[in-house]
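Biologist: Hi! I'm new to this one, could you walk me through it?

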Amino acid sequence: MKKNLVAFSAVLGLLLYAVPMFAHHAFAAEYDKDKPVKVKGVVTKVEWTNPHIWFFVDVKDESGKVTNWGFSGGPPGMLQRRGITKTLLKPGDVVVVEGFQAKDASNNASGGSVTFENGKKVFAGSAEDAQNKE
């Protein structure tokens, strides 16, 4: 009986350990490292929540048409450790965002680096963004 309890506990422990790994989406599953994007626009919304922040930018093309892009950033805790606070990126900011487009070709991308109008540049992406930047 004790042997069965130990085996059950081991299996349960492995399952609990593995679930977060499957729940977290890998960069390669969502974004195309062969499709870099660089857009300039106005921040319209920032969602500072786990597991990754999202921020949205209105981008105007040559004809004046506005498209809203959504960018996935790193986890809030990791960004705060880099000095990127919840109030740094806010609606109305004019930014240039560089990242990689979503594999589904939507107007979503990884939000690797963000450059503000004053020239300040921050890396808002996750560790996976940094690896794919090379």
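Modeller: Happy to; what follows is a short tour, and please keep in mind that the model is predicted.

Biologist: Thanks! How many helices and strands are there in the protein chain?

Modeller: The protein chain has 4 helices and 7 strands. Starting at the N terminus, the order is α-α-β-β-β-α-β-β-β-β-α.

Biologist: And what share of the residues is buried?

Modeller: Of the 134 residues in the protein chain, 35% are buried. The accessible surface comes to about 8,600 Å², and carbon and sulfur atoms account for 59% of that.

Biologist: What about contacts between residues at least 6 apart in sequence?

Modeller: Among those contacts, 56% join residues at least 24 apart.

Biologist: Can you give me some landmarks? What stands opposite V37, for instance?

Modeller: That would be G99 in β4. On the β2 side, V43 stands opposite V57.

Biologist: Okay, new topic: aromatics. How many aromatic pairs are there?

Modeller: There are 3 aromatic pairs in the structure. In one of them, W54 and F56 are stacked, at 6.2 Å centre to centre with 20 degrees between the planes.

Biologist: Are those two buried or partly exposed?

Modeller: One of each! W54 is partly exposed at 24% relative accessibility, whereas F56 is buried at 17%.

Biologist: And how do F55 and F71 sit relative to each other?

Modeller: F55 and F71 are stacked as well, at 5.4 Å centre to centre and 20 degrees between the planes. F55 belongs to strand β2 (residues 54–60) and F71 to strand β3 (residues 66–72), so their pair ties together parts that are 16 residues apart in sequence.

Biologist: How accessible are F55 and F71?

Modeller: F55 is buried at 0% relative accessibility, and F71 has a relative accessible area of 0%, so F71 is buried too. Ring pairs also bring in W69, linking F55, W69 and F71 into a cluster.

Biologist: What else is F55 in contact with?

Modeller: Setting aside neighbours within four places in sequence, the contacts of F55 include K45, V46, L89, V97, G111 and V114.

Biologist: Which residues touch the most other members of the largest nonpolar core?

Modeller: That core has 20 residues, and F55, V57, F71, V95, V97 and V114 touch the most other members. At least two core residues come from each of β1, β2, β3, β4 and β6 (113–116).

Biologist: Let's switch to a charged residue. Where is E47, and what does it touch?

Modeller: E47 lies in strand β1. Not counting residues up to four places away in sequence, E47 touches I53, W54 and F56. The side chain of E47 also makes a polar contact with the side chain of K45, at 3.0 Å.

Biologist: Is E47 buried or partly exposed?

Modeller: E47 counts as partly exposed, at 28% relative accessibility. The C-alpha atoms of E47 and S72 are separated by 9.6 Å, and these residues are 25 apart along the chain.

Biologist: Last one: what is the phi of A105?

Modeller: The phi of A105 is positive, about 65 degrees, although A105 is not a glycine. You'll find A105 in the loop between β4 and β5 (108–110).

Conventions:
Residues numbered from 1 in each chain as written. Predicted model: local features only at pLDDT ≥ 70, side-chain atom pairs only at ≥ 80, totals over all residues. Heavy atoms only, no water. Phe/Tyr/Trp six-rings, centres within 6.5 Å; stacked < 30°, edge-to-face > 60°. Buried < 20%, exposed > 50% of the residue type's maximum accessible area, 1.4 Å probe, protein only. Pairing = 2+ DSSP bridges. Core = buried A, V, L, I, M, F, W, Y, C linked by side-chain atoms within 4.5 Å. Contact = heavy atoms within 4.5 Å. Areas by Shrake-Rupley, 256 points an atom, 1.4 Å probe, with all protein chains shown as cover. Polar contact = N/O pair within 3.5 Å; in protein donor to acceptor, adjacent residues only side chain to side chain.
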